[in-house]
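Hi,

Here is the structure I said I would pass on.

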Amino acid sequence: MAGDSAVTVRQLSAEEVGALTPETFQLAPIFEHQPRYAGLQGALLLAGVNDRGGKIAGCAALAYRASPAEKGELHIDHFVVLPAFRGHGVGSKLMRAVLDHARGLSIRTVTADIPGWCPEWLAFYARFGF
């Protein structure tokens with residue numbers, strides 16, 4: 001299974017995000033706010049696993065709550081790792097990419113809505129300071 005070094009994360013371009021449809025992208029329900037992730041209001045990061053043919057393993061849909069120039073906050077709208085890839089470093093690599101993305105924009109506050117009923121999610125987010 002994928003080790004952390006076999007996982008790559010990349011930000012989709014505005015054109016790539018705009019070309020996504022519910023039929024071609026089923027990782028997260030992004031379509032209500034799709035223009036946000038293709039523009040200056042957010043971003044969409046994809047995690048792939050190289051040793052499995054570049055198979056998409058997860059995504060993070062990010063929204064800027066104030067413009068990056070205003071040093072606002074970055075909110076994780078959706079953070080998804082497919083079940084087959086959980087426990088193999090995909091989520092950690094993706095979360096580090098989210099935090100690096102925020103740092104690259106000089107955004108100091110990263111937020112997420114973390115469901116309290118799921119101890120695994122609480123533990124995962126806690127490892128990253130949430």
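Below is what I found, going from the whole chain down to single residues.

First, some housekeeping. This is a predicted model, so local features need pLDDT of at least 70 and side-chain atom pairs count only at pLDDT 80 or more, while totals for chains, interfaces and linings use all residues. Residues are numbered from 1 along each chain as its sequence is written, and side-chain values use heavy atoms, with hydrogens and water left out.

On confidence: pLDDT is the predictor's confidence in each residue, from 0 to 100. The protein chain has a mean pLDDT of 88, with 89% of its residues at 70 or more. Helix 3 has the highest confidence, at 95, and helix 4 (residues 119-127) the lowest, at a mean of 91. Where pLDDT is low, the predicted coordinates should not be read in detail.

Now the overall layout. The protein chain has four helices and five strands, in the order β-α-α-β-β-β-α-β-α along the sequence. Both kinds of element are DSSP runs numbered from the N terminus: helices are H or I with at least four residues, strands E with at least two. Of the 130 residues, 41% are buried. Buried means under 20% relative accessible area, exposed over 50%, and partly exposed in between (1.4 Å probe, protein chains only). Taking contacts between residues at least 6 apart in sequence, 56% join residues at least 24 apart; a contact means heavy atoms within 4.5 Å.

The five strands make an open sheet with the order 1-2-3-4-5 and mixed pairing. Strands pair if DSSP finds at least two bridges between them. At the edges sit strand 1 (7-11) and strand 5 (109-112), each pairing on one side only. From one strand to the next, the twist averages 25 degrees. (Axes are lines fitted to C-alpha atoms, for helices over the stretch in contact, and angles run from 0 to 180 degrees between N-to-C directions.)

Eight of its ten residues are buried, so strand 3 is largely enclosed by the rest of the structure. Its pairing with strand 2 is antiparallel, over eight bridges, and there alanine 47 stands opposite glycine 58 of strand 3. Strand 3 (residues 55-64) also runs antiparallel to strand 4 (residues 73-81), joined by seven bridges. Two of the facing pairs there are cysteine 59 with valine 80 and leucine 62 with isoleucine 76.

What lies across the sheet? Helix 3 (residues 90-104) lies across strand 1, strand 2 (42-49), strand 3, strand 4 and strand 5, at about 160 degrees to strand 4. Valine 98 belongs to this helix and is buried, with a relative accessible area of 0%. Leaving aside residues up to four places away in sequence, valine 98 touches Leu45, Ala60, Leu62, Leu74, Ile76 and Phe79. Its C-alpha atom is 8.1 Å from that of leucine 62, 36 residues apart along the chain.

Serine 92 is in helix 3 too, and is buried at 16% relative accessible area. Again leaving out residues up to four places away in sequence, serine 92 touches Phe124, Arg127 and Phe128.

Rings of Phe, Tyr and Trp (its six-membered ring) pair if their centres lie within 6.5 Å; planes under 30 degrees apart are stacked, over 60 edge-to-face, and the rest tilted. Tryptophan 117 and tryptophan 121 form a tilted pair, because their ring planes are at 50 degrees, with centres 5.6 Å apart. Tryptophan 117 is exposed at 67%, while tryptophan 121 is partly exposed at 41%. Phenylalanine 124 and phenylalanine 128 are also tilted, with planes at 55 degrees and centres 5.2 Å apart. Phenylalanine 124 is buried, at 14%. Ring pairs link Phe79, Phe124, Tyr125, Phe128 and Phe130 into a cluster.

Beyond residues up to four places away in sequence, glycine 18 touches Gln34 and Ala38.

Happy browsing!
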